[in-house]
Amino acid sequence: MTAPPEGCGPIVSPRETAPVPLRQQVFECVRSQGQISRIDVAKRLNVSPASVSTLVADLLGGGLLKEVEAPRDPGSRGRPPVALRVRAEAGYVAGIKLGDMIHTGIIMDFAGSPVAEASLSRTSVRTDLDLLVEEAGALLSQLLRKAGMERNELSAVGVGMPGMVDTRRGVALWSPIIRGNDLPVAELMSERMGLPVVADNDANLVTLAELWFGAGRALSDFVVITLEYGVGMGLVMDHRVYRGAHSVGMEIGHTKVQPDGALCRCGQRGCLEAYVSDYALVREASIALDMHRSASGSAQVILESLFDQAKAGNEAARTIFRRAGRFLAAGISNVINLFDPSLVILSGARMKYDYLYAEDVLREVHTMTLNRSRTLPRIEINAWGDLVWARGAATLALAAQTEQRCGAEAGG
Ligand SMILES: [Zn+2]
């Protein structure tokens with residue numbers, strides 16, 4: 001490392017402080033509003049109507065926006081007013097979420113609307129990257145068939161997976177579903193699919209989906225905690241997904257809640273995930289309820305049965321959920337204490353196990369949060385289906401495409 005120069009204050013390169021180009025801001029303003037007039041774009045962006053007009057003309061010429069007839073004010077005469085919309089067919093992207101039990105995929109148009117969806121069931125084992133690349137490729141072909149599209153109509157693919165993914169390099173440093181470390185996921189997927197591929201941690205992608213389509217659209221700072229086979233997290237700061245210095249942060253599932261505690265699938269002990277995730281519940285269920293995986297089938301079957309028994313009043317089953325819920329409460333309150341978000345969204349398939357966020361769990365969150373003089377954030381449950389992950393993956397690709405086609409270098 002070279003020594004910093006003389007002086008004081010943060011040393012920031014011009015690139016890091018460069019604002020989003022106005023052309024891209026105009027496009028993103030139209031997309032976020034669905035439909036809006038030129039004059040309202042100018043008002044929202046606080047720039048002159050003339051500069052908006054020039055950039056809109058350019059975006060119309062490039063086929064990225066289109067003009068539509070806006071509803072006329074009652075009683076007004078003359079030509080109907082004109083509004084702007086994104087030209088949905090300006091481009092298409094795909095999103096694929098790779099998981100333990102199922103891969104899900106979606107194709108989305110340039111306005112962010114879904115065009116086709118597909119999924120691929122698989123067995124829950126850690127596999128070689130080659131097989132995963134093959135499966136993702138097969139899922140993409142299935143998606144294209146469903147959409148009635150050719151591969152060359154897609155401009156990019158976003159891929160999400162659990163674990164530590166360095167988004168900038170497209171490398172999975174470690175993933176619970178892939179054997180090995182430091183795997184060039186994006187590069188291999190891109191070779192197999194013949195398209196540019198961006199990869200990210202799956203919890204970041206659910207967070208991106210909440211930011212673009214869900215409860216987080218109008219919020220500058222919020223948190224998403226995902227409960228699936230593992231526990232993940234995404235953090236939005238100032239309307240952007242925060243990834244950390246090496247883009248592998250936010251691993252809440254592997255924060256320690258018990259020194260020398262239960263063994264986690266990451267190889268360490270005492271991780272939050274080792275107490276609240278699927279495999280933690282399955283581990284407890286097999287011991288307490290004498291439900292053995294080999295005898296009772298898959299982890300999913302054991303989980304469903306555990307949930308049914310808890311609902312039916314089985315005290316041992318309820319205790320397992322209650323204990324997991326308490327650990328989850330500790331995790332949530334730690335996040336609130338650290339980041340002071342305005343909203344905490346609990347997301348993922350496991351949210352159907354409502355014992356995990358029952359009244360007493362939420363009460364526990366409040367007890368463990370330093371709340372003497374502050375308003376606690378809202379905690380919302382989002383039971384979106386599996387496709388939200390894939391939608392987030394497609395959004396990652398769409399965001400990259402938007403920058404490429406509307407950003408500084410794209411403009412005329
Ligand atoms: Zn761990």
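This is a predicted model: local features need pLDDT of at least 70, side-chain atom pairs count only at pLDDT 80 or more; totals for chains, interfaces and linings use all residues.
**Stop 1: the β4–β5 hairpin.** Look along the pair for Ile 106. Ile 106 stands opposite Glu 117 in β5. Now follow the chain between the strands. β4 and β5 form a hairpin with four residues between them. Pick Gly 112 in that turn, where phi is positive, at about 90 degrees.

**Stop 2: β4 and its other neighbour.** Select residues 102–109, which make up strand β4. Is this strand mostly covered or mostly open? It is mostly covered, with seven of its eight residues buried. β3 and β4 pair in the antiparallel sense, over six bridges. Ile 96 has Gly 105 in β4 as its bridge partner. Another hairpin comes into view here, with four residues joining β3 to β4.

**Stop 3: β6 and β9.** Keep residues 154–161, strand β6, together with β9. The two run parallel, joined by five bridges. Pick Met 161: its bridge partner in β9 is Asn 201.

**Stop 4: helix α7.** Stay on Asn 201 and look at the start of α7. A side-chain oxygen of Asn 201 comes to within 2.9 Å of the backbone nitrogen of Ala 203. Now select the helix itself, residues 202–213. α7 has twelve residues and reaches 16 Å from first C-alpha to last, close to the 16 Å expected at 1.5 Å a residue. How many of its twelve residues are buried? Ten are, so α7 is largely enclosed by the rest of the structure. Colour by accessibility to see them. Among the buried residues are Asp 202, Asn 204, Thr 207 and Glu 210. Leu 205, Val 206, Leu 208 and Leu 211 are also included.

A reminder for viewing any α-helix: there are 3.6 residues a turn, so residues three or four places apart point the same way.

**Stop 5: Glu 135.** Move to helix α5, residues 129–147, and pick Glu 135. Is Glu 135 buried or exposed? It is buried: its relative accessible area is 15%, under the 20% cut-off. Show what surrounds it. Leaving out residues up to four places away in sequence, Glu 135 touches His 103, Leu 120 and Arg 122. With Arg 122 there is a polar contact between side chains, at 2.8 Å.

**Stop 6: salt bridges.** Side chains of opposite charge can pair when their charged atoms come close. How many salt bridges does the structure hold? There are 15.

- **Arg 169 and Asp 166.** Their side chains meet at 3.0 Å, N to O. Arg 169 is exposed, with a relative accessible area of 54%, whereas Asp 166 is buried at 9%.
- **Arg 323 and Glu 284.** The closest N and O atoms of this salt bridge are 3.3 Å apart. Arg 323 lies in helix α12 (residues 315–339) and Glu 284 in helix α9 (residues 278–288), so the pair ties together parts that are 39 residues apart in sequence. Arg 323 is partly exposed, with a relative accessible area of 36%; Glu 284 is partly exposed too, at 30%.
- **Glu 380 and Arg 378.** These side chains meet at 2.5 Å, N to O. Glu 380 has a relative accessible area of 27% and is partly exposed. Arg 378 also counts as partly exposed, at 45%.

Conventions
Residues are numbered from 1 along each chain as its sequence is written. Side-chain values use heavy atoms; hydrogens and water are left out. The expected span of a helix is 1.5 Å times one less than its number of residues. Buried means under 20% relative accessible area, exposed over 50%, partly exposed in between (1.4 Å probe, protein chains only). A polar contact is a pair of N or O atoms within 3.5 Å; within protein, one must be able to donate a hydrogen and the other to accept it, and residues adjacent in sequence count only if both atoms are side-chain atoms. Two strands pair if DSSP finds at least two bridges between them. A salt bridge is a side-chain nitrogen of Lys or Arg within 4 Å of a carboxyl oxygen of Asp or Glu. Contact means heavy atoms within 4.5 Å.
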